[in-house]
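Please open the model in your viewer and keep a selection tool at hand.

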Amino acid sequence: MVTLPDGEQVPALGLGSWGLGENPARRRDEIASVRLGVELGMTLVDTAEMYGEGLTEQFLGEALAGLRDRVFLVSKVYPHHASRKGVVRACEQSLRRLGTSHLDLYLLHWRGGEPLAETVAGFESLRAAGKIRHWGVSNFDTGDLEELFALPQGQRCAVNQVLYNLSRRGPEFDLLPWMEGRGVPLMAYSPLEQAHLDQGGALAEIAARHGVTCWQAALAWVLRRPGTMAIPKAARPEHVRANHAARDLHLAEPDLARLDAQFAPPRRKRPLEML
Ligand SMILES: NC(=O)c1ccc[n+]([C@@H]2O[C@H](COP(=O)([O-])OP(=O)(O)OC[C@H]3O[C@@H](n4cnc5c(N)ncnc54)[C@H](OP(=O)(O)O)[C@@H]3O)[C@@H](O)[C@H]2O)c1
């Protein structure tokens with residue numbers, strides 16, 4: 001579990017949804033995957049108004065029927081909807097598509113042209129109205145968080161969702177320490193680099209040593225840090241089961257050193273990457 005700044009506990013391992021609900025031929029498998037993940041306890045579910053331009057939220061409304069109360073549901077607002085009033089409108093549309101009365105966490109998808117103070121005011125009015133329980137940001141680098149935290153109520157930011165996996169270790173240099181210092185958890189997106197990590201070398205060795213797949217080893221590596229959540233997307237039930245099992249895999253010091261040798265940690269500031 002990961003602790004939010006207000007003390008609430010959220011599962012460290014959840015489910016991504018980018019691309020789900022867009023292909024009728026895959027719908028049955030996708031619904032089975034989401035429901036299996038929730039049954040297994042991966043009850044943190046991430047989506048966004050952007051995914052399929054609303055189709056993914058609609059899909060999740062259907063996939064989570066009867067399970068909503070067990071889920072910590074996260075959605076995101078487009079930056080161009082993130083004015084004080086726009087964020088409220090966008091949230092209400094997301095709620096309708098998801099068939100729910102509230103979101104557990106609402107994120108600004110990335111930083112755009114709207115002043116941050118306006119977005120925060122919109123988030124706070126949604127919170128006061130009970131339509132969201134927490135709010136946060138995504139794709140914010142250290143300087144963006146510093147600006148946010150200097151605003152009235154900016155410190156209510158509960159999470160920063162960023163690209164973080166073995167091949168994207170830039171946040172370790174200063175972003176992660178900054179967030180850890182303030183108790184803001186990182187939610188790692190694309191923790192498997194969309195299944196494009198180099199599967200040879202260190203990952204293959206470690207996977208063989210532990211009797212797991214390289215994807216399970218890569219996921220366990222993201223989850224090794226306390227205060228870090230991961231939201232792998234899996235449209236196939238067998239992938240959901242494998243990801244769930246990765247929760248119990250603990251990488252030892254020699255494993256971590258071998259991974260550091262191939263996927264080097266950052267030695268200087270790298271601007272935050274995004275997909
Ligand atoms: N905030 C942002 O800007 C942002 C950006 C990108 C993503 N996200 C969020 O983060 C979530 C995850 O990122 P992602 O979807 O980009 O990529 P990802 O989770 O790193 O990778 C997804 C890919 O990995 C495959 N996979 C999953 N588990 C596997 C396993 N155990 N073994 C082998 N292959 C496996 C999936 O296959 P199948 O689907 O065929 O099972 C899919 O092709 C997204 O779905 C979205 O919710 C947020």
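What follows is a sequence of selections, each with a short account of what is there.

**The whole chain**

Begin with everything selected, bearing in mind that this is a predicted model. In cartoon view you can trace ten helices and ten strands. The radius of gyration is 18 Å, close to the 19 Å that the globule rule gives for 275 residues, so the protein is as compact as a globular protein of that length. If you orient the C-alpha trace along its principal axes, the spans are about 55 × 45 × 30 Å.

Among contacts between residues at least 6 apart in sequence, 78% join residues at least 24 apart.

**The charges**

Now select the charged side chains: there are 32 positive and 33 negative ones, and the centres of the two sets lie 2 Å apart. How many salt bridges does the structure hold? There are 24 salt bridges, and the next stops visit some of them.

**First stop: Lys76 and Asp46**

Select Lys76 and Asp46, whose side chains meet in a salt bridge with an N to O distance of 2.8 Å. Lys76 belongs to strand S5 (residues 72-77) and Asp46 to strand S4 (residues 44-46), so the pair ties together parts that are 30 residues apart in sequence. Both Lys76 and Asp46 are buried.

**Second stop: Arg68 and Asp104**

Move on to Arg68, which forms a salt bridge with Asp104, with 3.0 Å between the closest N and O atoms. Arg68 sits in the loop between helix H2 (55-63) and S5, whereas Asp104 is in strand S6 (residues 103-108), and the two distant parts of the chain linked here are 36 residues apart. Are these residues buried or exposed? Arg68 is buried, at a relative accessible area of 15%, and Asp104 is buried too, at 5%.

Next select Asp144 and Arg111, a salt bridge whose closest N and O atoms are 2.9 Å apart. Asp144 lies in helix H5 (residues 142-149) and Arg111 in the loop between S6 and helix H4 (116-128), so that distant parts of the chain, 33 residues apart, are linked by the pair. Arg111 counts as partly exposed, with 30% relative accessibility.

Conventions:
Residues are numbered from 1 along each chain as its sequence is written. This is a predicted model: local features need pLDDT of at least 70, side-chain atom pairs count only at pLDDT 80 or more; totals for chains, interfaces and linings use all residues. Side-chain values use heavy atoms; hydrogens and water are left out. A salt bridge is a side-chain nitrogen of Lys or Arg within 4 Å of a carboxyl oxygen of Asp or Glu. Helices (H or I, at least four residues) and strands (E, at least two) are DSSP runs, numbered from the N terminus. Buried means under 20% relative accessible area, exposed over 50%, partly exposed in between (1.4 Å probe, protein chains only). The radius of gyration is taken over C-alpha atoms; the globule rule is 2.2 Å times the number of residues to the power 0.38. Contact means heavy atoms within 4.5 Å. Lys and Arg count as positive and Asp and Glu as negative; His and the chain ends are not counted. The place of a charge is taken as NZ of Lys, CZ of Arg, CG of Asp or CD of Glu.
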